[in-house]
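Thanks for coming, everyone. Please look at the sequence and the structure on the screen, and then I'll walk you through them.

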Amino acid sequence: MELLTLISKTWRVIFRVLVAKICFIVRTMLPSPRKGIHGDVVLITGSGHGLGRELAILAADLGATVVLWDIRKSTCESVAKEIEANGGKAYAYECDVSDFRMVEQQGKKVQEEVGDVTILINNAGVIHVDPLLNLNSQNIKRTFEVNVLSHFWTIQQFLPRMLERKKGHIVAVSSAAGVLGSPYLTDYAASKHGVIGLMSSLREELFVSDKEQCIRLTTICPVLFDSGFVKQPHSRFPTILPVLTVKDVAQGALDGILREKSIVVLPSWIGYFLRLSRIFPDSMGLFFQRSLEHYPLPTIKTN
């Protein structure tokens, strides 16, 4: 009897996995329509500048109420004023997302002052451009605190209420470097690889608990782009694969979020080459990887 029960459960899991894979293939070939976010509360970390700022402006233009979190309140206040001047709604909060207690405190404040967060975009990040042997322990620790651990703190803060309401969308900004790796970005690439692992595992948790349909997950993986954080971003073949602008990445990322894609690689055609780098043997995989590489140039230190 136990054996029959085990076989039955195994076949149910296999069937659900097959259905999920078929749905993924169909969504890939026939992109789903964009959903509306008018009236949604969208919280974006690291939204005082760069990609976070652009995403906030775009979301507000679509009628969402935007909650801006940044380690410097003055920067997100400036973005909030810009949004409000265009007729949008925005709330600015100072928050160091690497600090669990601060995330908890500000999360409760957002709940009281704004309402339920329906879309969480974990965008905050730091980057150090240096060879591995030049990185100091504090920089490495800070990279993981901001780029990975903060995702745990914000998800733990906002996911419970999403589950209660049976509605929510969690977005993580990772990087193509988290898939392929990149020279002079060892700590950054490792942290972004951790983000991909977190989101993949969370998706499976939601799947086995039958919550996958009410909580959507999206992981954004852009190539290195001109965000202002990295000096001299470099492309091996700039004619074919130019360095993207922050506006390009924001528009592509938001489009993927609105279409509820699980993975968004920017530019989109790079995703096919990422798959090839995984399918082929090491030598061929490295060829595809190194053909696609975007990387920053390290600072040359002189005595």
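**Overview and confidence**

Of the chain's 303 residues, 46% count as buried. Buried means under 20% relative accessible area, exposed means over 50%, and partly exposed lies in between, with a 1.4 Å probe and protein chains only. This is a predicted model, so local features need pLDDT of at least 70, side-chain atom pairs count only at pLDDT 80 or more, and totals for chains, interfaces and linings use all residues. Residues are numbered from 1 along each chain as its sequence is written, and side-chain values use heavy atoms, with hydrogens and water left out.

How confident is the predictor? pLDDT, its confidence in each residue from 0 to 100, averages 84 over the chain. At least 70 is the score of 73% of the residues. Over residues 299-303, pLDDT stays under 50. The model has two contacts beyond four places in sequence for residues 299-303. Contact means heavy atoms within 4.5 Å. Where pLDDT is low, the predicted coordinates should not be read in detail.

The chain has 10 helices and 11 strands. These are DSSP runs, numbered from the N terminus: helices are H or I, at least four residues, and strands are E, at least two. Take contacts between residues at least 6 apart in sequence: 71% join residues at least 24 apart.

**The cores**

A nonpolar core is a set of buried Ala, Val, Leu, Ile, Met, Phe, Trp, Tyr and Cys residues joined through side-chain atoms within 4.5 Å. The largest one has 36 residues. Leu 51, Leu 55, Leu 68 and Ile 121 have the most contacts inside it. Helix 8, residues 246-258, gives this core its largest share, seven residues. There is also a second, separate core of 28 residues, including Val 41, Trp 69, Leu 159 and Val 195.

What does Leu 51 touch, not counting residues up to four places away in sequence? Asn 123, Val 173, Phe 225, Val 246, Val 249 and Ala 250.

**Helix 2**

Leu 51 is also one of the buried residues of helix 2. Others include Glu 54, Leu 55 and Ile 57. Nine of the 12 residues of helix 2 are buried, so the rest of the structure largely encloses it. Just after helix 2, Gly 63 takes a positive phi of about 95 degrees.

**Helix 4**

Which residues of helix 4 are buried? Val 103, Gln 106, Gly 107 and Val 110. They cover an arc of only 110 degrees around the axis, so they sit on the same side of helix 4. That arc is taken from the directions from the helix axis to the C-beta atoms. The buried residues pack against strand 1 (41-45), strand 2 (65-70), strand 3 (89-94) and helix 5 (137-165). On the other side of helix 4, Arg 101, Gln 105 and Glu 112 are exposed.

Now the ends. Asp 99 caps the N-terminal end of helix 4, with a side-chain oxygen 3.1 Å from the backbone nitrogen of Arg 101. Just after helix 4, Gly 115 takes a positive phi of about 125 degrees.

**Lys 211**

Last stop. Lys 211 is in the loop between helix 7 (186-208) and strand 6 (215-222). Its relative accessibility is 29%, so Lys 211 counts as partly exposed. Leaving aside neighbours within four places in sequence, Lys 211 is in contact with Leu 163 and Leu 206. Lys 167 is 44 residues away along the chain, and the C-alpha atoms of Lys 211 and Lys 167 are separated by 9.6 Å.

Note on methods: A polar contact is a pair of N or O atoms within 3.5 Å; within protein, one must be able to donate a hydrogen and the other to accept it, and residues adjacent in sequence count only if both atoms are side-chain atoms. pLDDT is the predictor's confidence in each residue, from 0 to 100.
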